[in-house]
Amino acid sequence: MKKNATDFKVKNQKVIIRCDLNVPIKNGIIEDDTRIKKSLDTIEYLINGNAKVIILSHLGRIKDENDKSLYSLKPIAKRMSELLYKEVKFIPFTKGVEVEDAINNMKPQDVIMLENTRFEDLNGNLESKNDMELSKYWASLGDLFINDAFGTLHRSHASNVGIATFLPSAMGFLVKEEVEKISECLTNSKKPLVVILGGAKVSDKIGVIKNAVEIADKVIITGGMPYTFFKSLGYNVGLSIVDNDSIDFCKEIYKKYRDKIVLPIDLIVAQSISEYSQTRLTNRENIGDKEIGVDIGTATINLYKSIVMTAATIIWNGPCGVFEISKFSNGTRKLVEFLNITSAKILIGGGDTISAINKFEFKNTNAHISTGGGASLEMLEGKELPGLKVISDK
Ligand code: AMP
């Protein structure tokens, strides 16, 4: 069992906390502050415990000097101050005397935020390559380390894995909640467990499909992924999205797990991916040469309903069609409707899936919506996350 924030005596301690403050930002204006709000619980806990709080985070990708002005954490520190009703002192450096002086002058309950950890990527990718010297330096600034950045737990960077190798470390509340809820769905879920995997490319989800067929009672393959399966079965898929590198994989896994894997039986096909395109409903054996599969059909929606409504646990990652275009969004919208009325335990992950549930008014309070797309997918693959592995054991 990994340590969590409450396992530490934090009073008077310099606590470095790695948050995931990677919010959408344009011209210094934060477009969505959900991630900042989600990180407040652990920070408030540390303040109330009289710790000296040192916040690290990345923001965006830093490839050249110009990116620095686009992805400074300064506006994030300002927003966090407003939300905490307390000064979050921003230090516009990632290392050096200014950082060290600011930390040496901290009093209990003070909060400071250093500049974007990925600024160190301009010095030869030191952050993203988990450079040992940088990790040691950052670790030397504190007494304890808390990782509350679930979204980067699948990465091995200096600001998460690196620091944790040099300091006593623990999970923050957000990481603890995510890890516990996802692990519970994967290893201790009530059956039947139904995994719904949609989205565009099979190759992105091969690991998840492999793990899902082992742990689930039914694995629904939807969105753009069924067309690679159909092609592997010898159907004409017209101009639908096909992941040619994954055809053999689809053939093999379907042969072995055809009782578990559920493919759509009918589809909405279009002439082009556009709101103005003509559409028709067809079964999966009758896609025309110039047609593109863009959504699931009515028989498939009913099939999904029967499976979803008898499930005790549901994991969903990836939309059922090109839901961004309203004409092709019916399957995804209907799935959200079924999930709204089921009493099953639900786990939802992935950026597009979260956009879809927001768009179609998902209101099931029994669900866990994961904040980390990549990290939650890797957990679904059954992989061990490096950012978690390195945290001290109890
Ligand atoms: P992913 O990031 O892999 O979860 O993929 C999400 C994307 O898959 C969304 O942008 C959808 O528009 C897209 N998608 C869903 N169904 C299809 C389809 N039938 N053809 C092409 N793209 C699709």
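I began at the ligand and looked up K205: an N or O atom in its side chain is 3.2 Å from an oxygen atom of the ligand. I note here that the model is predicted.

Next I checked D352, where a polar side-chain atom lies 3.1 Å from an oxygen atom of the ligand. For G223 I looked at the backbone instead, and found one of its N or O atoms 3.4 Å from a nitrogen atom of the ligand. I then took the cover: on its own the ligand has 500 Å² of accessible area, and the protein covers 80% of that.

I went on to the shell. There are 14 residues around the ligand, and those that come nearest are A200, G293, G321, E324 and D352. By class, I find 6 nonpolar, 5 polar and 3 charged residues in the shell.

Which pocket does the ligand take? I have its space down as the second largest pocket.

Last, I looked at the chain as a whole. The domain assignment gives domain 1 as 5-177 and domain 2 as 189-380. Taken over C-alpha atoms, the centres of domain 1 and domain 2 are 36 Å apart. To their contact, domain 1 gives 7 residues and domain 2 gives 9 residues.

Key: Residues are numbered from 1 along each chain as its sequence is written. This is a predicted model: local features need pLDDT of at least 70, side-chain atom pairs count only at pLDDT 80 or more; totals for chains, interfaces and linings use all residues. Side-chain values use heavy atoms; hydrogens and water are left out. A residue is near a molecule or strand if one of its heavy atoms lies within 4 Å of it. A polar contact is a pair of N or O atoms within 3.5 Å; within protein, one must be able to donate a hydrogen and the other to accept it, and residues adjacent in sequence count only if both atoms are side-chain atoms. Accessible areas come from the Shrake-Rupley method with a 1.4 Å probe; for residues, only the protein chains shown count as cover. On a 1 Å grid over the protein atoms alone, a cavity is a set of points where a 1.4 Å probe fits but cannot get out, and a pocket is an open set with protein on both sides within 12 Å along at least five of seven lines; lining residues have an atom within 4 Å of a point. A molecule sits in a cavity or pocket if more than half of its atoms lie within 2 Å of its grid points. Ala, Val, Leu, Ile, Met, Phe, Trp, Tyr, Cys and Pro count as nonpolar, Asp, Glu, Lys and Arg as charged, and the others, Gly among them, as polar. Domain bounds come from an automatic or database domain assignment. Contact means heavy atoms within 4.5 Å.
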